[in-house]
Amino acid sequence: MADGEKSITTGGSHSIQREKTREIRTSSRSGWRRTITPPTSLHAKHYDARLPWYTIYPTVPEFSPTVGAETCEEWLKGLPAGEAVSLYLHVPFCRSMCWYCGFPTRITRREASIVEYLAVLREEIRLVAEQTPQPLPVSDVHFGGGTPTSIPPADFLALMQLLRRRFAFKKAATVAVEIDPRTFTPKMAEALEVAEVNRASLGVQSFDLTVQTKINRVQCEAVVTAAVENLRRHKVSRINFDLMYGLPHQTVHSCVQSATTAVAMRPDRLAVFGYGHVPSYRKNQRLIDETALPDAAARAEQAAAIADTLIAAGYCQIGLDHFALPDDELALAQRAGRLRRNSLGYSADTCPTLIGFGPSAIGRLGKGYVQNEIAQSSYSRHIAAGHLATSRGYRLSVEDRVRADIIERLMCDLEADVPAICAAHGFDPTPLLDRAERLTPLAEDGIVDIDNGLVIVRQEHVFVLRSVAAAFDAYLDRSP
């Protein structure tokens with residue numbers, strides 16, 4: 001075999017490195033905290049900002065209208081009666097527009113608009129619940145947005161009561177809500193306690209006033225501190241923060257300062273996201289000065305600096321972009337080898353089924369994915385007519401499931417035993433490995449180590465983890 005055609009399944013020296021990598025990873029899962037290696041030119045060579053984040057596979061561009069409301073009904077009816085499910089509820093309202101935002105939201109200051117939307121959402125919950133002969137057990141609920149806490153407190157309580165009537169909540173169910181600290185009120189904190197919400201995710205992004213001004217999201221440290229204290233006072237004890245890098249006028253210094261300020265409040269976990277600038281898709285992003293955005297190298301340096309700061313403060317790195325205290329569910333799941341990746345990011349939720357409510361919401365229903373109408377007007381019309389609002393989706397093949405499992409394990413564990421995963425599905429790994437052309441240069445450059453189909457990403461190369469996962473994406477290089 002010629003030098004340029006090295007097999008990606010060879011052993012040799014890779015076997016030695018495999019044992020070394022396993023030793024490092026075992027130490028890490030036991031609590032040993034790494035220092036992140038700064039990004040290098042090698043990372044720049046393999047980094048591609050256009051790659052998917054692989055929260056699901058296949059990714060949304062592969063969804064088709066051939067999977068619609070009738071298919072969704074069929075899949076809902078086929079769900080195992082005693083198997084726990086997760087619920088996601090999308091609340092597409094905010095009080096003001098953050099210029100970096102890439103999510104479908106509506107800006108409103110009218111409480112009536114939100115109340116009208118809730119009437120439609122409640123009807124969708126009824127329609128979905130009636131597809132199953134008995135209430136499905138629920139272990140996880142997540143309110144996303146937009147800003148879910150824009151819902152009036154009394155209406156939020158009524159919505160939770162409806163969910164508990166229509167579904168069989170487990171005693172230890174996690175109920176999580178996303179919060180904008182700028183509009184969070186004491187009355188809403190009281191409502192969250194009564195509703196038995198036990199996890200909250202706060203959008204922080206940056207504490208740098210210059211950066212905040214340039215993204216139209218000004219919130220001082222005192223506002224975030226007050227929100228955290230209010231939540232903890234009302235028994236919402238598990239707190240998440242979102243931080244961002246790659247924002248206009250952001251620097252390594254300001255990223256470190258923001259991370260340092262955040263850890264002083266001791267959230268249980270932090271998600272650190274890179275800003276994706278797509279002004280052709282999101283009109284609000286056209287308000288951001290492109291000349292003030294850091295380049296790819298600067299973004300990588302910012303991500304590394306935040307990671308180092310969080311790890312030095314006692315947080316464990318979870319996969320690509322999450323950090324958690326050692327006793328948080330994510331850290332425990334990672335050490336136990338049961339960390340998952342879903343449409344919300346990294347999760348300790350092991351439910352195979354996710355039911356999504358609201359416009360644009362994505363669900364996972366055993367045989368595949370479903371997504372609701374994106375436009376709120378279209379979504380509302382379908383529900384008003386007594387139909388589910390599913391507009392498109394994807395029916396999974398055996399090969400899709402194999403590739404999805406491989407990608408998920410890479411994104412969660414930084415390693416995937418390809419032959420073992422294939423064997424679990426009764427799938428031959430040979431063609432899958434032989435056609436992973438993107439993997440060969442990664443192996444040649446030492447990004448990954450491969451031994452008899454076991455693919456291990458070296459920890460110092462976590463910045464290009466998506467490039468490794470992309471090697472198993474069958475749709476990525478397909479012609480349009």
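Q: Why does Gly386 count as partly exposed?
A: This is a predicted model, and in it Gly386 has a relative accessibility of 37%. Buried requires under 20% and exposed requires over 50%. The value for Gly386 lies in between, so the residue is called partly exposed. Gly386 sits in the loop between α12 (376-384) and β16.

Q: How far is Gly386 from Glu123 in sequence and in space?
A: The two are 263 residues apart in sequence, and their C-alpha atoms are 8.4 Å apart.

Q: What makes Ser378 buried or exposed?
A: Ser378 has a relative accessible area of 16%. The limit for buried is under 20%, so Ser378 is buried. The residue belongs to helix α12.

Q: Why is the pair Ser378 and Arg381 called a polar contact?
A: Their side chains are joined at 3.2 Å. A polar contact needs a pair of N or O atoms within 3.5 Å, one able to donate a hydrogen and the other to accept it, so the pair of Ser378 and Arg381 qualifies.

Q: Which residues other than glycine have a positive phi, and where are they?
A: Among them is Tyr54, with phi of about 55 degrees, in the loop between α2 (41-46) and α3 (69-77). Another is Lys235, with phi near 70 degrees, in the loop between α8 (221-233) and β7. Arg266, which follows α9, also has a positive phi, near 55 degrees.

Q: How do you know whether Tyr54 and Lys235 are buried or exposed?
A: Tyr54 has a relative accessible area of 3%, which is under 20%, so Tyr54 is buried. Lys235 has 63%, which is over 50%, so Lys235 is exposed.

Q: Where are cis peptide bonds found?
A: One runs from Tyr57 to Pro58, with omega near -5 degrees. Pro58 lies in the loop between α2 and α3. Another joins Gly145 and Gly146, with omega of about 10 degrees; Gly146 is in the loop between β4 (137-145) and α5 (153-166). Most peptide bonds are trans.

Q: What makes β9 and β16 edge strands?
A: The open sheet has 12 strands in the order β9-β10-β8-β7-β6-β5-β4-β1-β13-β14-β15-β16, with mixed pairing. β9 (316-318) and β16 (390-395) each have a single partner strand, so one side of each has no neighbour in the sheet. From one strand to the next, the twist averages 20 degrees.

Q: How do you know that β9 and β10 pair?
A: They share 3 bridges in the antiparallel sense. At least two bridges are required, so the two strands count as paired. Within this pair, Ile318 has His322 of β10 as its bridge partner. Helix α10 (residues 296-312) lies across β7, β8, β9 and β10, at about 150 degrees to β7.

Q: Why is the span of α9 called close to the expected one?
A: α9 (residues 252-264) has 13 residues and reaches 19 Å from its first C-alpha to its last. The expected span is 18 Å at 1.5 Å a residue. Its buried residues include Ser254, Cys255 and Val263, and the elements covering the buried residues of α9 include α8, β7, β8 and α10.

How values were computed. Residues numbered from 1 in each chain as written. Predicted model: local features only at pLDDT ≥ 70, side-chain atom pairs only at ≥ 80, totals over all residues. Heavy atoms only, no water. Helix = DSSP H or I, 4+ residues; strand = E, 2+ residues; numbered from the N terminus. Axes fitted to C-alpha atoms, helices over the stretch in contact; angles between N-to-C directions. Contact = heavy atoms within 4.5 Å. Buried < 20%, exposed > 50% of the residue type's maximum accessible area, 1.4 Å probe, protein only. Expected span 1.5 Å × (residues − 1).
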